[in-house]
Amino acid sequence: MGILEEYERGRLFFDYGDYITAAQILGPVVDEAPDDVAPRLLLARAYYHSAQLHKAEEQLRLVLDHDPAEHYAHLMLGRCLQRQSRHDEARPHLRIADAMGIGGTTAP
């Protein structure tokens, strides 16, 4: 199976709410295409929804290292840090997301 097919398979598991399986599928996809933001963001979301917050944070920081203007990654990172009771660290990311017009959205 190719990388695109694996990404789509990971997305299906994510859409069905099986976040752990989605993360297991998406991990190798991200390893094969480390600069592709879409699979990395979906992997971060899968980690977030399966309460693997440190792994989600790591993936989101990598996204932001690659693209500091990725507004959704700022929102997700802010929410992830909030869930870890790291509110002071979350605040700048949530402000950036809000300034980009997405701060009022629901949880990632």
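Ser85 is exposed at 57% relative accessibility, because exposed means over 50% relative accessible area, buried under 20% and partly exposed in between, with a 1.4 Å probe and protein chains only. Ser85 sits in the loop between H5 and H6. This is a predicted model, in which local features need pLDDT of at least 70, side-chain atom pairs count only at pLDDT 80 or more, and totals for chains, interfaces and linings use all residues. Residues are numbered from 1 along each chain as its sequence is written, and side-chain values use heavy atoms, with hydrogens and water left out. Helices are DSSP runs (H or I, at least four residues), numbered from the N terminus.

- Ser85 has a positive phi near 60°, and it is a residue other than glycine.
- Most residues other than glycine have a negative phi.
- Gln84 belongs to the loop between helix H5 (71–83) and helix H6 (87–99).
- Gln84 counts as buried, because its relative accessibility is 18%.
- The side chains of Gln84 and Arg86 make a polar contact at 3.0 Å. A polar contact is a pair of N or O atoms within 3.5 Å; within protein, one must be able to donate a hydrogen and the other to accept it, and residues adjacent in sequence count only if both atoms are side-chain atoms.
- Leaving aside neighbours within four places in sequence, Gln84 is in contact (heavy atoms within 4.5 Å) with Leu53, His54 and Glu57.

**The loop between H3 and H4**

- Ser50 is placed in the loop between H3 and H4.
- The Ser50 side chain reaches the backbone oxygen of Ala46 at 2.8 Å.
- The side chains of Ser50 and Gln52 are joined by a polar contact of 2.8 Å.
- Beyond neighbours within four places in sequence, Ser50 is in contact with Tyr19 and Ile20.
- Ala51 lies in the loop between H3 and H4. Ala51 is not a glycine, yet its phi is positive, at about 60°.

**Arg61**

- Arg61 is a residue of helix H4 (residues 53–66).
- Arg61 counts as partly exposed, because its relative accessibility is 31%.
- With neighbours within four places in sequence left aside, Arg61 is in contact with Leu77, Leu81, Arg86, Glu89 and His93.
- Arg61 and Ala44 are 17 residues apart along the chain, and their C-alpha atoms are separated by 9.8 Å.

**Helix pair H1 and H2**

- The axes of helix H1 (residues 3–15) and helix H2 (residues 19–32) come within 8 Å and cross at roughly 155°. Axes are lines fitted to C-alpha atoms, for helices over the stretch in contact, and angles run from 0 to 180 degrees between N-to-C directions.
- H1 and H2 are therefore roughly antiparallel. Angles over 145 degrees count as roughly antiparallel, under 35 as roughly parallel, 65 to 115 as roughly perpendicular and the rest as oblique.
- H1 and H2 make a left-handed crossing. Left-handed means that the near helix is turned anticlockwise from the far one by less than a right angle, and right-handed means clockwise.
- On the H1 side, Ile3, Glu6, Tyr7, Arg9, Gly10, Phe13 and Phe14 meet Tyr19, Thr21, Ala22, Ile25, Leu26, Val29 and Glu32 in H2.
- The residues of this contact of H1 with H2 divide into 9 nonpolar, 2 polar and 3 charged. Ala, Val, Leu, Ile, Met, Phe, Trp, Tyr, Cys and Pro count as nonpolar, Asp, Glu, Lys and Arg as charged, and the others, Gly among them, as polar.

**Helix pair H3 and H5**

- Helix H3 (residues 37–49) packs with H5 at an angle of about 20°, and their axes are 11 Å apart.
- H3 and H5 are therefore roughly parallel.
- The crossing of H3 with H5 is left-handed.
- Leu41, Ala44, Arg45 and Tyr48 of H3 meet Tyr72, Ala73, Met76, Arg79, Cys80 and Arg83 of H5.
- The contact of H3 with H5 has 7 nonpolar, no polar and 3 charged residues.

**Helix pair H4 and H5**

- The axes of H4 and H5 come within 9 Å, crossing at roughly 150°.
- H4 is therefore roughly antiparallel to H5.
- H4 and H5 cross in a left-handed sense.
- H4 contributes Leu53, Ala56, Glu57, Leu60, Arg61, Val63 and Leu64 to the contact, and H5 contributes Ala73, His74, Met76, Leu77, Cys80, Leu81 and Arg83.
- By class, the residues of the contact of H4 with H5 are 10 nonpolar, 1 polar and 3 charged.

Terms used:
Helix = DSSP H or I, 4+ residues; strand = E, 2+ residues; numbered from the N terminus.
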